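Hi everyone, thanks for making time for this.

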Amino acid sequence: MPDKSNKFYLTTPIYYVNARPHIGHAYTTIVADTIARRYRLLGDDTFFLTGTDEHGQKIERSAAAAGIDPQTFTDQVSAEFRGLWDRMGLTNDDFIRTTEPRHKQGAQRLFALLHQRGQIYLSSYTGQYSIGEEIFVDGPPGTIGPDGKPTETVTEENFFFRLSEYQLPLLDLIESDKLLIQPESRKNEVLSFIRGNVSEAEKRAVILGEAKDPESSNTPTAAGTFQPPIPKAEPSIAYSALGNPYVPGNLRDLSVSRSSFTWGIPVPEPAASETQQKHVIYVWLDALANYMTAVGYGSDTPEDIAKFNRYWPADLHTMAKEITRQHCVYWPAFLLAAGLPLPKAVAAHGWLLFDDAKMSKSKGNIVRTETILDAFGTEVYAKQFPESTKREQDLFATDVLRYHLLREVPFGQDGSFSFDAMITRYNADLANGYGNLVSRTLSMIHQNCAGIVPDGSSFELAAVELEGAFARSLGLLPPKEIDSLVGMDFVTASNAWKHEQPGKLPVIDTYQVSLGRHDFSTANEHIWKFIAQADGFITSQAPWKLAKDATQRSLLEAVLYTAAESIRYIRPAVFAKGPDYSPSTLDKQEQLALSRRITRKEKPPTAINRNADYKVDDDARDEYKNKRARAPRVEDKAHN
């Protein structure tokens with residue numbers, strides 16, 4: 001068995017290409033990108049997947065309305081998704097399309113495996129179908145589907161998956177958190193769907209005289225196991241391994257093919273020979289298979305087999321809340337039936353609202369991400385830095401959007417987007433908060449230390465005392481550990497973060513724990529508390545005054561070193577949530593040789609520490625020491 005202890009595989013849903021991407025798609029992908037950056041910083045072999053879902057009746061109709069064939073239509077829209085993620089600097093390792101040969105091969109292999117194992121059979125069906133959501137819906141003709149539009153009555157010969165056989169296995173997996181669903185509200189929704197209307201079934205059981213027999217029901221025995229009841233008849237209520245009631249038979253078998261349209265992956269042999277009609281694989285079985293086909297499932301090459309063995313199962317699927325049923329009921333049932341490993345966790349966020357309503361074309365309240373990139377990149381960044389490139393402008397705007405969404409929208413809950421709120425948050429936190437801290441620190445280092453951060457390890461006791469006071473104000477270290485602060489690198493911090501060891505760096509450790517829970521809003525609050533403390537430290541020490549007194553040179557350098565160190569602590573957190581350590585800040589850091597004179601490595605760091613993040617130019621330090629020995633003491637104007 002391959003060693004999987006140091007890998008992390010996460011996915012976004014593959015986005016349906018019936019329309020261009022909007023800010024809701026961007027939010028999901030930003031969340032996944034943030035999680036991927038975190039695990040890379042922790043040194044894990046991280047694989048981040050996104051892509052596009054390109055089959056189905058809705059796509060076929062959208063292409064016809066546009067006057068082009070489905071493949072051309074999907075090529076155009078998929079390219080817009082891929083181009084936008086590239087423009088935003090998102091770090092996905094792969095972008096899969098369900099029209100690719102590698103996916104077709106893997107999806108057909110999964111269908112054939114399920115058919116071979118007796119989990120798929122041919123039958124006919126008449127019912128209501130939601131074209132917009134590509135799902136069958138219970139109800140009479142005219143039923144309103146999940147997309148708010150009337151369903152269509154469909155009569156078809158289809159292949160069906162034996163979903164009804166997996167009601168209890170799914171309940172036991174989800175209730176025990178072997179398949180972890182976050183947040184808890186989404187888990188409860190999925191369990192409610194699988195269990196059925198327990199309240200009504202319990203009332204019916206009372207009327208029929210059914211009762212739970214305490215001596216033969218699913219209650220723990222002395223050995224800690226559960227003894228199932230001896231069935232006398234089909235019960236109205238049954239009980240899971242944890243003793244929770246459910247309605248047997250609530251899950252019905254699921255159609256996994258369609259024969260009323262042709263835009264999809266053909267059902268493979270030998271199943272295809274069982275019918276005279278041509279069937280395509282149901283869009284959800286087709287789409288969900290992408291999580292495996294992207295890492296090699298369905299291929300017989302040694303490289304792809306090794307890749308699949310390395311990365312599957314997925315560690316985390318991320319998505320919006322409206323598709324949790326497909327990911328937490330259909331998908332694990334398919335995998336159980338196929339004898340394949342299940343994903344470890346599913347995280348579903350709420351809707352991103354605009355004008356207090358879910359964004360949709362029909363409501364005319366779509367917010368395009370490109371609008372935000374153009375506004376903040378061109379109207380804000382480019383005007384401040386006229387020589388900046390388009391790439392720099394886009395990454396700056398992405399930073400602003402990313403920070404706003406992760407700070408303002410509690411993960412798992414619905415959240416509202418507004419341009420006014422984003423501008424207010426940018427001004428308050430990024431410009432006046434972090435931006436002010438970096439600007440004043442770098443300016444004073446440039447003016448007083450030739451643009452080179454002083455070497456903290458060579459300071460006298462004053463530096464140690466300053467660092468200790470600053471650390472205590474943040475709750476970083478208890479008083480007795482002051483002496484160990486100077487020279488501490490981020491290896492210590494990363495180990496504390498990764499193993500969640502309390503007492504090492506509590507503020508940053510709390511930030512890391514919050515990220516691990518996908519509580520991005522709280523994580524940001526911790527980092528901005530750190531920034532406020534650092535800014536307050538500079539104000540209290542008034543280095544612009546110290547610079548006027550030659551006798552305070554050592555203390556001045558200690559203050560500037562401490563201020564620069566605070567940015568070094570903050571920067572990996574900024575990196576975890578924004579491209580390239582927040583490009584506008586990094587450019588200035590490189591110009592002024594913050595953290596010595598540095599050059600970026602080609603590969604990402606495998607751990608969070610100064611030397612792993614950068615190659616250090618030791619000549620720069622020697623140059624600074626020589627300049628410092630020759631330079632007279634400088635009295636600068638007060639700078640705050």
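Let me start with a question: which residues in helix 12 are buried? This is a predicted model, by the way. The buried ones are Thr369, Glu370, Ile372, Leu373, Phe376, Gly377, Tyr381 and Ala382. Helix 12 covers residues 369–384, and it bends by about 30° at Gly377. Its first and last C-alpha atoms are 22 Å apart, close to the 22 Å expected.

Now look at Arg87, which lies in helix 3. Arg87 touches Glu370, Leu373 and Asp374, and its contacts also include Lys390 and Asp394. Arg87, Asp374, Lys390 and Asp394 are linked in a network of salt bridges. Arg87 counts as buried because its relative accessible area is 19%, and the cut-off is under 20%.

Arg61 is partly exposed at 39%, and Glu152 is partly exposed at 31%.

Another pair is Asp535 with Arg440, at 2.8 Å. That one links helix 18 to helix 14, 95 residues apart. Here Asp535 is buried at 16%, and Arg440 is buried at 5%.

Last one, I promise: Arg553 and Glu557 form a salt bridge at 3.1 Å. They are four residues apart in helix 20, so about one helical turn separates them.

Terms used: Residues numbered from 1 in each chain as written. Predicted model: local features only at pLDDT ≥ 70, side-chain atom pairs only at ≥ 80, totals over all residues. Heavy atoms only, no water. Helix = DSSP H or I, 4+ residues; strand = E, 2+ residues; numbered from the N terminus. Buried < 20%, exposed > 50% of the residue type's maximum accessible area, 1.4 Å probe, protein only. Contact = heavy atoms within 4.5 Å. Expected span 1.5 Å × (residues − 1). Bend = angle between axes of the 7 residues up to and from the residue. Salt bridge = Lys/Arg side-chain N within 4 Å of Asp/Glu carboxyl O. Lists of a residue's contacts leave out its neighbours within four places in sequence.
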